[in-house]
Amino acid sequence: MVYFDVVEKKGNRDVAFVYLLKSTKDKDVLIECVESLDPPFPPSEKWVITLSSQKGCPAGCVFCDASYYFKGNLSKEELFEQLNLILENHKNDEYPKSKKIKLHLARMGEPSFNDNVLAFLSEVGKNFQEINFIPSIATIAPRGREDWFYKLKEIKDNFFSQGRFQLQFSLNTTDENEREKIMPVKKWSFSDISKFGDFWLKENDRLITLNFALGKKAVF
Ligand code: SF4
């Protein structure tokens, strides 16, 4: 079954390609996925694949252009279709043998809102052992999704230990009031995030990253 058609592929092979995908079932659903390099690293050293985790996003962050619509979660199969589309384009080159392939689940979508992301990552861990994927989850830490994060930790410990998983909290400001304004969903406090970080990290894990989307009006 084909879930998406490629509407457009734009970019430059030295930096990145963005794929705009349109649902074959619902003409109003558009998502994106991206493959990029990290110059000066050659593809044999590092390659980054970024997948949408939802159809749009319900979080409504004011600085994000993925928040203009929301049409539900992507299924596990729809997540794999994005990944396979990019892998297929490189079946005859060295990219899939890269030493480090970051598999980024982020915009569009808040990955922790989608349980299918967990099933997807488990299957990647079980079935793609010949590819050195380093999953990377960027999240705004929504309240009420604690179980999702506990299950994510199990997946990290079972399949992606020894520094092969990156968790990123998108804080975007160090001011709690401003954080409420720019990311208007219930979220963990900074203290909750810190406690979870202590619980998450095991010896040799990759350290947790804190993301900040910079802009002229950013408050720190
Ligand atoms: S959670 Fe992420 S994708 Fe969703 S609106 Fe906020 S920044 Fe955009």
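Let's start at aspartate 65, which counts as exposed at 54% relative accessibility; exposed means over 50% relative accessible area, buried under 20% and partly exposed in between, with a 1.4 Å probe and protein chains only. This is a predicted model, in which local features need pLDDT of at least 70 and side-chain atom pairs count only at pLDDT 80 or more, while totals for chains, interfaces and linings use all residues. Residues are numbered from 1 along each chain as its sequence is written, and side-chain values use heavy atoms, leaving out hydrogens and water.

Aspartate 65 has a partner: arginine 107 forms a salt bridge with it, with the closest N and O atoms 2.1 Å apart. (A salt bridge here is a side-chain nitrogen of Lys or Arg within 4 Å of a carboxyl oxygen of Asp or Glu.) The pair links distant parts of the chain, with arginine 107 in the loop between β7 (101-106) and α2 (116-127) and aspartate 65 in the loop between β5 and β6 (70-73), 42 residues apart. Helices (H or I, at least four residues) and strands (E, at least two) are DSSP runs, numbered from the N terminus. Arginine 107 is partly exposed, at 35% relative accessible area.

The whole structure holds 18 salt bridges. Another one joins glutamate 78 to lysine 55, their closest N and O atoms 3.5 Å apart. Glutamate 78 belongs to helix α1 (residues 76-88) and lysine 55 to strand β5 (residues 54-56), so this pair ties together parts 23 residues apart in sequence. Both glutamate 78 and lysine 55 are buried.

Now look at lysine 156, which meets aspartate 157 in a salt bridge (2.8 Å, N to O). Lysine 156 counts as buried at 0% relative accessibility, whereas aspartate 157 is partly exposed at 23%. Lysine 156 also has its charged end over the ring of tryptophan 200, 4.8 Å from the centre. For a charge to sit over a ring, NZ of Lys or CZ of Arg must be within 6 Å of the ring centre and within 35 degrees of the ring normal. Lysine 9 does this too, over the ring of phenylalanine 17, at 4.5 Å from its centre.

The structure as a whole has 18 aromatic pairs; rings of Phe, Tyr and Trp (its six-membered ring) pair if their centres lie within 6.5 Å, and planes under 30 degrees apart are stacked, over 60 edge-to-face and the rest tilted. Phenylalanine 149 and phenylalanine 196 have ring centres 5.8 Å apart and planes at 75 degrees, so they are edge-to-face. Phenylalanine 149 is buried at 0% relative accessible area, and phenylalanine 196 is buried at 7%.

Phenylalanine 160 is buried as well, at 2%, and one of the residues touching it is phenylalanine 133. Contact means heavy atoms within 4.5 Å. Phenylalanine 133 also touches Ile49, Leu83 and Arg164, among others. The largest nonpolar core has 48 residues, and Ile49, Leu83, Phe120 and Phe133 have the most contacts inside it. Such a core is a set of buried Ala, Val, Leu, Ile, Met, Phe, Trp, Tyr and Cys residues joined through side-chain atoms within 4.5 Å. A second, separate core has seven residues, including Ala59, Cys61, Ile182 and Met183.

How values were computed
Lists of a residue's contacts leave out its neighbours within four places in sequence.
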